[in-house]
Amino acid sequence: SYQFVRNDGDVLSIKYQVNRYYTGAAHGGSESVAKNYLLNPLSIVSVNRLFNAGYLERFSELSRESLLLDPNKDRKWIYRGTEPTEQHFRSINISDTGLLISFDEYQVDCFAAGPQVVEIKALDIDDFIKPKVRYLWAHA
């Protein structure tokens, strides 16, 4: 399945949820895949092209804060799944107001909790946004 996270004159951001079921598995699973495009001129864009060094540490910090608002979540699981690596932050969509970060099952919580999503406001990461792309969130 898919959803348009953002579709305007500047950005097309699509969030895919790829469902799978392996023969013999106890249950199915899914994977979040994010695709982001700048529209003028048309080009695929990776999130690391939008931000200055240190952005992964900030994403990690903000994701942990958001996920830990639920006191029933396991801190160790969250901290392990939000370590500041590109692998942990591979599914990021550009939204109108910031970013939508998706974590798959087992990454920050058990399978039964399902995929987890964290929204990060552009204002909270403003120090890391490269000047050339600030216009993407000028209205945020």
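User: What makes strand β6 (residues 98–103) count as largely enclosed by the rest of the structure?

Analyst: Buried means under 20% relative accessible area, exposed means over 50%, and partly exposed is in between (1.4 Å probe, protein chains only). Six of the six residues of β6 are buried, so the strand is largely enclosed by the rest of the structure. Do keep in mind that this is a predicted model: local features need pLDDT of at least 70, side-chain atom pairs count only at pLDDT 80 or more, and totals for chains, interfaces and linings use all residues. Residues are numbered from 1 along each chain as its sequence is written, and side-chain values use heavy atoms, leaving out hydrogens and water.

User: Which strands does β6 pair with, and how do you know?

Analyst: Two strands pair if DSSP finds at least two bridges between them. Strand β5 (residues 92–94) has three bridges to β6, and strand β7 (residues 116–121) has six. Both β5 and β7 run antiparallel to β6. Leu100 is a handy residue to look for: Leu100 is the bridge partner of Asn93 and also of Glu119 in β7.

User: What joins β1 to β2?

Analyst: A hairpin does, through three residues. Strand β1 (residues 2–7) and strand β2 (residues 11–20) run antiparallel with five bridges, and Asn7 stands opposite Leu12 in β2.

User: How does Pro84 count, as buried, partly exposed or exposed?

Analyst: Pro84 has 34% relative accessibility, so it counts as partly exposed. You will find Pro84 in the loop between α2 (75–81) and β5. Setting aside neighbours within four places in sequence, Pro84 is in contact with Leu56, Glu57, Ser60, Arg64 and Phe89. Glu57 is 27 residues away from Pro84 in sequence, yet their C-alpha atoms are 5.1 Å apart.

User: How many helices and strands are there, and how do you know?

Analyst: Helices (H or I, at least four residues) and strands (E, at least two) are DSSP runs, numbered from the N terminus. By that rule the protein has two helices and seven strands, in the order β-β-β-β-α-α-β-β-β from the N terminus on.

User: Why does the radius of gyration agree with a compact globule?

Analyst: The radius is taken over C-alpha atoms, and the globule rule is 2.2 Å times the number of residues to the power 0.38. For 140 residues a compact globule would be near 14 Å, and the protein has 16 Å, which agrees. Along its principal axes the C-alpha trace spans about 45 × 30 × 20 Å.

User: What share of the residues is buried?

Analyst: Buried residues make up 42% of the 140. As for contacts between residues at least 6 apart in sequence, 53% join residues at least 24 apart.

Key. Contact = heavy atoms within 4.5 Å.
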